[in-house]
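Morning, everyone. Please have a look at the model on the screen. I'll talk about charged side chains.

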Amino acid sequence: MVNRVKVLGASVLLALVAGGCASAATAGQRQWTDAHLHYVDFMQESEGPQAMMAAMDDAGVERAWVFGLPVMKKWQAEAPRRPRYYLGDEAPLYYYSATDDIVAQAVLSLPKDQQARLQPFISGFNPTDMHAAEQIERLIERYPGFWQGVGEILTRHDQLTAWTEGETPRANHPALMKVYAMAGRYDLPVLLHSNLTSLREETPIYLGELEEALDAHPGTHFLLAHAGTSGGIEERQGPLGTLPPILRALLSRYDNLFIDLSWSVKDHYLIDDGEPNEEWLTLIREFPNRFTLGTDLVGHFDSMGKVMEEYDPLLDALPKKVAQQLSHGTADGLVPPKGATKSAP
């Protein structure tokens with residue numbers, strides 16, 4: 001594949017992987033970028049921008065990729081109580097485009113110095129609607145210079161996808177192919193949730209959908225949310241044993257692919273009873289500038305520090321420079337701080 005993404009030079013890569021067992025700085029000295037933060041929950045509610053910023057300060061998070069949720073849980077008339085989460089009852093979810101305006105107004109309500117710490121993403125569109133790319137462009141025009149990425153786009157996502165009204169979204173849907181092309185033109189990274197398998201299959205039955213999207217758009221940066229997994233799958237059938245070699249093959253083939261390690265990846269793959277998984281440590285060392293970390297909090301932020309600290313065993317087991325790439329460097333390369341020159345990590 002032609003390399004369309006600037007990557008670290010060989011000398012820098014060698015410096016990153018050098019150091020063997022040298023540990024990273026202590027958690028209190030780390031620089032964090034939360035590369036997966038939902039401003040609202042599935043009822044499109046939030047504790048608010050000041051609570052979000054206070055949580056970032058308390059957790060030592062310098063910057064955050066912040067976005068809404070593209071779906072909203074319906075409160076049905078016969079429901080015994082108001083739902084609090086998308087799994088709370090059997091009511092469906094529906095696409096909710098106002099989530100982007102909620103995020104925009106929250107960010108713009110903050111002082112300029114706090115706004116500069118947030119990188120807003122666009123998520124409020126139906127990924128099966130052929131109008132989606134046009135809708136995103138209109139939002140970019142409505143808030144010029146504001147949006148820094150697209151996502152989280154929800155495609156294959158076990159129960160959540162099954163309960164969302166309408167056509168089933170998939171990574172290679174024609175509507176999303178138009179979105180990816182548009183994102184590439186605007187140099188906006190795409191955070192894509194696309195499970196590699198389903199609740200009942202232990203083989204990566206949806207891998208081909210992801211590969212088709214990557215093949216068709218080599219000039220667009222993709223981040224595979226949660227490394228292609230979700231908590232519902234692991235809780236039902238256990239971790240996908242072939243996930244590291246699958247990711248290794250994808251990262252080797254596609255220079256424009258990055259891996260988001262937020263949410264269930266930490267508990268089901270990366271860390272077991274406080275000990276980091278050696279297979280995953282090896283994978284991260286092989287591709288030190290291709291992984292990001294995030295909390296995946298949804299509208300409620302008081303656990304941000306706790307979630308970030310739970311990555312400490314992983315980061316402590318990596319060479320210092322690799323740990324820095326993981327905690328903030330890769331994310332800041334893809335979506336740089338405001339005023340900085342953009343360059344691939």
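Glu-275 sits in strand S11, residues 275–276. Strands (E, at least two residues) and helices (H or I, at least four) are DSSP runs, numbered from the N terminus. Glu-275 is exposed, at 54% relative accessible area. Exposed means over 50%, buried under 20%, partly exposed in between, with a 1.4 Å probe and protein chains only.

A word on the source. This is a predicted model: local features need pLDDT of at least 70, side-chain atom pairs count only at pLDDT 80 or more, and totals for chains, interfaces and linings use all residues. Residues are numbered from 1 along each chain as its sequence is written, and side-chain values use heavy atoms, leaving out hydrogens and water.

Now, salt bridges. The structure holds 15. The term means a side-chain nitrogen of Lys or Arg within 4 Å of a carboxyl oxygen of Asp or Glu.

Take Arg-253. Its side chain meets Glu-211 in a salt bridge, 3.7 Å from N to O. Arg-253 lies in helix H10 (residues 243–253) and Glu-211 in helix H8 (residues 207–216), so the pair ties together parts 42 residues apart in sequence. Arg-253 also forms a salt bridge with Asp-215, at 3.3 Å, N to O. Asp-215 lies in helix H8 too, so this pair ties together parts 38 residues apart in sequence.

Which residue forms a salt bridge with Lys-266? Asp-267, with the closest N and O atoms 3.1 Å apart. Lys-266 is buried, at 5%. Asp-267 is exposed, at 52%.
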